[in-house]
There are 2 protein chains.
Amino acid sequence: MKRVTIKDVAIEAGVSVTTVSHVINETRYVNPDTKLKVQNALEKLGYRPNSVARSLRMGTTKTIGLIVPDASNLFFAEVARKIEDFGYQQGYSVILGNSDNDSDKQTNYINTLIAKQVDGVIFISAGGEVQDLQQLLGNNIPVVVADRDVPLEMVDVVLLDNEKAGYDATHHLLNLGHECIACITGPNDLSPSMLRVEGYRRALSERGIAFREDLIKAGDFRFKSGEVAMRELLKQSCRPTAVFILNDMMAIGAMTAARKEGLSVPYDLSVVGFDDIEIASAVIPALTTIAQPFDKLAESATSLLIERMKGESTQEKKRIILDATLVVRESTCQRGSVDA
Amino acid sequence: MKRVTIKDVAIEAGVSVTTVSHVINETRYVNPDTKLKVQNALEKLGYRPNSVARSLRMGTTKTIGLIVPDASNLFFAEVARKIEDFGYQQGYSVILGNSDNDSDKQTNYINTLIAKQVDGVIFISAGGEVQDLQQLLGNNIPVVVADRDVPLEMVDVVLLDNEKAGYDATHHLLNLGHECIACITGPNDLSPSMLRVEGYRRALSERGIAFREDLIKAGDFRFKSGEVAMRELLKQSCRPTAVFILNDMMAIGAMTAARKEGLSVPYDLSVVGFDDIEIASAVIPALTTIAQPFDKLAESATSLLIERMKGESTQEKKRIILDATLVVRESTCQRGSVDA
DNA sequence: CTGAAAGCGCTTACAG
DNA sequence: CTGAAAGCGCTTACAG
């Protein structure tokens, strides 16, 4: 059972491969009778195009590479899924790679993507390594960096306004009368984490509240680390009355820890999360959080990349900064409120 | 800045492309001096292999297609991620497609995968459609069906023993003295859901407990639907004292609903979930659940597929059935127990 | 020990 | 209105 090629179709239809190609792609006028013959042959033989051959010839694969740190993290899963969606709508397939926050693995993936001649790459950094991006750029492969900034000028980026989001979250807590506000961060080398903390500091300093190192604990964006960090915070002599946590998974972990210590959220402890993953609204108490515009992030990144791949856009690089929005639910309340 | 090809390297090194190809792939002996010249040229020009050309020539793309219903569902995200992992270890890239439980989209993806000449496909069905698989098979592309069974004989499958898992979950509840046990299912046309319910029925009937239609509610595996289903169940005249819920997300939703109704889990209501996603152990009370062997599922599917792609295995199709294990935590207790 | 050449399955500039 | 042929970048059977 050999593959049927355009040549087989040509023979069957009694025309040239040129003509077959043109009727398949509707790329030049073909006499209706001839066309019909070709279509019948196509049908009869069950012809299937071979994109590999097409790609080799055309120099384009209609494929984009997507590198994420870990697609089993709900945030990235959601983003990856949307990117896949938008790409699909535009006729692109996506090759997915999990870098596992491991820069060797990331380098490997990039090399594979270059070898496979992807038309473009959407890149969520595993941190540090900029050479990988330069490899891509050096091979004329457009790149859009999403979510995590990289120290590289000549690349398009789509980011959240993390500083502002951190400020907003903290501001909300300050407005509720809290003064001793802790913060559970992500890994310190990631730009989103750093910037959210900067926003937190700005909000505090605006109110003349001193920044306290002992109220900051770093997690790794996973559930467990939120639990652990919270437990440590609750050991402090001066217990915080509120905590800003840089993603929802850790926030849920932190709420669990608080409850285990006999604290009631929000009455003893107000909690603000980050991301607004589906479960945030469902947990008890429903989580006050900063909603990330997943869709917009994915869509902006994808359409920006597609623009670049088409070579339509100008030379200068774009920085798209998206806004997050505070969603107030039940996990925060006025300091000193009492359970009804 | 033109791409550098094997030909450029050959000229630079003063040898034939044949030789260059052989040193790159280490596929025949080359005189050390010649080899060195080639390696230097490779280095100097910054040669990068072009897999597309290689694929066309070799008839293999080192790429596998993965179709999942929805990669933003934590279960599939986890499985997809592991498959990607194992594939990577074996030198395969994965093209990911979300079928969205939409059979048209699924068909589209399959067509793309065929056109892109993937070496194999791992397929988690969006339900119903078998023609898609036949297309694949008809094009000599090996397929492994995972998680959800399909009504097709001649294909490899890797499944969970869902009937037994359903039985075990229910049996656990029966042993705790429960008799009025509800069940929140997934969509009725999915084999895992159906089979788990069958196990549930078998356990009941073994104890001589009649199956009651009104204790069964269908959800869609999402958080929200668990909440809704639970609310409905609690309206029943005879309230269930226990409920078996076919995935953890719905179980968490159901616990939320129960708590909103003023019920305490597990004292008023025992809950058993399914999947054992990370958050199951973290929720309060920690969820008793059926742990799926994600890793094994992904690994079995991937290695079975790789076997097939290598043409190593025999003609006869394999059915791999994996065991799930009950993990008892805090959401279930003896019927009639009272909070300490 | 090495090379010339065919061929994988397409698209497309050129010619008529 | 249509076709012959080159060429995309590789691998490899064949020959020496």
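This is a predicted model: local features need pLDDT of at least 70, side-chain atom pairs count only at pLDDT 80 or more; totals for chains, interfaces and linings use all residues.
Q: Which residues are closest to DNA strand D?
A: The closest are A:Ser16, A:Asn31, A:Thr34, B:Ile6 and B:Ala53. Residues are numbered from 1 along each chain as its sequence is written, while chains are lettered from A and ligands numbered from 1 in the order in which they are written.

Q: Which elements supply at least two residues of that surface near DNA strand D?
A: From chain A, α2 (17-25) and α4; from chain B, α2 (17-25) and α4 (51-58). Helices here are DSSP runs (H or I, at least four residues), strands are too (E, at least two), and both are numbered from the N terminus.

Q: And which one gives the most?
A: α2(B), with 6 residues.

Q: How do the residues near DNA strand D divide by class?
A: There are 12 nonpolar, 12 polar and 5 charged. Ala, Val, Leu, Ile, Met, Phe, Trp, Tyr, Cys and Pro count as nonpolar; Asp, Glu, Lys and Arg are charged; the others, Gly among them, are polar.

Q: Switching to the contact between chains A and B. How many residues from each?
A: 41 from chain A and 41 from chain B. In contact means C-beta atoms, placed from the backbone, within 7 Å.

Q: Which element of chain A gives the most to that side?
A: α5(A), with 7 residues. Elements giving two or more also include α6 (103-115) and α10 (223-235) of chain A. The chain A side has 19 nonpolar, 13 polar and 9 charged residues.

Q: How do β2(A) and β2(B) pair, parallel or antiparallel?
A: Antiparallel, over 3 bridges. Strands pair if DSSP finds at least two bridges between them. A:Leu96 stands opposite B:Val94 there.

Q: What sheet are those strands in?
A: An open sheet of 12 strands with mixed pairing. The order is β11(A)-β5(A)-β4(A)-β3(A)-β1(A)-β2(A)-β2(B)-β1(B)-β3(B)-β4(B)-β5(B)-β11(B). Its edge strands are β11 (319-322) of chain A and β11 (319-322) of chain B, each pairing on one side only.

Q: What about β3(A) and β4(A), parallel or antiparallel?
A: Parallel, over 3 bridges. A:Phe123 stands opposite A:Val145 in β4(A).

Q: Back to α5(A). At what angle does it pack with α12(A)?
A: About 45°, with the axes 8 Å apart. That makes α5(A) oblique to α12(A). Under 35 degrees is roughly parallel, over 145 roughly antiparallel, 65 to 115 roughly perpendicular, and the rest oblique. Axes are lines fitted to C-alpha atoms, for helices over the stretch in contact, and angles run from 0 to 180 degrees between N-to-C directions.

Q: Is the crossing of α5(A) and α12(A) left-handed or right-handed?
A: Right-handed. The contact includes A:Phe86 of α5(A) and A:Leu297 of α12(A).

Q: Over in chain B, how do α1(B) and α3(B) pack?
A: At about 125°, with axes 9 Å apart. That makes α1(B) oblique to α3(B). The crossing is right-handed.

Q: Which residues of α1(B) meet α3(B)?
A: B:Asp8, B:Val9, B:Glu12 and B:Ala13. The contact of α1(B) with α3(B) has 6 nonpolar, no polar and 4 charged residues.

Methods
Two residues are in contact if their C-beta atoms, placed from the backbone, lie within 7 Å. A crossing is left-handed if the near helix is turned anticlockwise from the far one by less than a right angle, and right-handed if clockwise. A residue is near a molecule or strand if its C-beta atom, placed from the backbone, lies within 6 Å of it.
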